[in-house]
Amino acid sequence: MARYVGPVCKLCRREGMKLYLKGERCYSEKCAYTRRPYPPGQHGQGRIKLSEYAVRLREKQKVRRIYGVLESQFHGYFQEASRRKGRTGEEMLALLERRLDNVVHRLGYAASRSEARQLVRHGHVKVNGKRLDIPSFVVRVGDRVELTEGAKKFKFVAAAVAGADKRPIASWLEADRGSFSGSVKGTPVREDLNEPEIREQLVVEYYSR
């Protein structure tokens, strides 16, 4: 499957805010956006006035890059959300949040979603006792997510847990860091999704134009 393999720090600079794509580095002084808070390229420091269409496009791109999904897949989440009851934007974010790779990241066992995706793809994550290597798998309330015995010994997992202990866990998840496991105790809460700030209504307006 196609995927972005370029420098992710450029994505943060392009969107004009931290997207937290590189784990702990994003919280340090080494963060590229902290050092150069303007878009990449020779015209990055120029004054740019965005049209209404461009504002909505940039918001769509930002959310897509935060969760690390391609355009066709992201559009699929929007279409699924539009068929559900409730606000389309919040339903779309709920689907993205319940992706298995995002859940592993939210539980604190990976410093970034790309790191969590690698854990899942390499078969180091189990859901309800069974290995699952599909990052886009959508978990349900009551599902138990845990790492395999081998993954518990990885140094980057230990480093991720140490960093995650400094930040609060999402209210809809319950983590047992001692056993490297966790469970889904509810549906994603919109108030938990403010870092980075997301304006999902602009994404809905972009696809509804």
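The protein chain holds 9 helices and 5 strands. The model is a predicted one. From the N terminus, the order of elements is α-α-α-α-α-α-α-β-β-β-α-β-β-α. The chain has 209 residues, and buried residues make up 43% of them. Its accessible surface comes to about 11,800 Å². Carbon and sulfur atoms contribute 49% of that surface. Among contacts with a separation of 6 or more, 55% link residues 24 or more positions apart.

Helices α5 and α9 form a crossing pair. Helix α5 spans residues 88-97, and helix α9 spans residues 200-207. Their axes come within 8 Å and cross at roughly 105 degrees. This angle falls between 65 and 115 degrees, so α5 is roughly perpendicular to α9. On the α5 side, the contact involves Thr-88, Gly-89, Glu-90, Met-92 and Leu-93. On the α9 side, Glu-200, Val-203 and Val-204 take part. By class, the residues of this contact divide into 4 nonpolar, 2 polar and 2 charged.

The salt bridges were examined next. The chain contains 13 salt bridges. One of them joins the side chains of Glu-59 and Lys-62, with an N to O distance of 3.0 Å. Both residues lie in helix α3, which covers residues 52-67. They are 3 residues apart, so about one helical turn separates them. Glu-59 has a relative accessibility of 3% and therefore counts as buried. Lys-62 is also buried, at 5%.

A second salt bridge pairs Glu-90 with Arg-87 at 3.7 Å, N to O. Glu-90 also belongs to the α5 contact with α9. Glu-90 is partly exposed, with a relative accessibility of 32%. Arg-87 is exposed, with a relative accessible area of 63%. The value for Arg-87 lies above the 50% cut-off for exposed residues, whereas the value for Glu-90 lies between the two cut-offs.

The side chains of Arg-106 and Glu-97 meet in a further salt bridge, at 2.9 Å, N to O. Glu-97 is buried, with a relative accessible area of 0%. Salt bridges that share partners also join Glu-59, Lys-62 and Arg-199 into one network.

Helix α6 covers residues 100-107 and is mostly covered itself. Of its 8 residues, 7 are buried. These are Leu-100, Asp-101, Asn-102, Val-103, Val-104, His-105 and Leu-107. Just after the helix comes Gly-108, which takes a positive phi of about 100 degrees.

His-124 was examined as a loop residue. It sits between α7, residues 113-121, and β1, residues 125-127. Is His-124 buried or exposed? Its relative accessible area is 19%. The limit for buried residues is under 20%, so His-124 counts as buried. Sequence neighbours within four places were left aside in listing its contacts. His-124 then touches Leu-119, Glu-146, Leu-147, Thr-148, Ala-151 and Phe-154.

Note on methods
Residues numbered from 1 in each chain as written. Predicted model: local features only at pLDDT ≥ 70, side-chain atom pairs only at ≥ 80, totals over all residues. Heavy atoms only, no water. Buried < 20%, exposed > 50% of the residue type's maximum accessible area, 1.4 Å probe, protein only. Helix = DSSP H or I, 4+ residues; strand = E, 2+ residues; numbered from the N terminus. Salt bridge = Lys/Arg side-chain N within 4 Å of Asp/Glu carboxyl O. Contact = heavy atoms within 4.5 Å. Areas by Shrake-Rupley, 256 points an atom, 1.4 Å probe, with all protein chains shown as cover. Axes fitted to C-alpha atoms, helices over the stretch in contact; angles between N-to-C directions. Parallel < 35°, antiparallel > 145°, perpendicular 65-115°, else oblique. Nonpolar A, V, L, I, M, F, W, Y, C, P; charged D, E, K, R; others polar.
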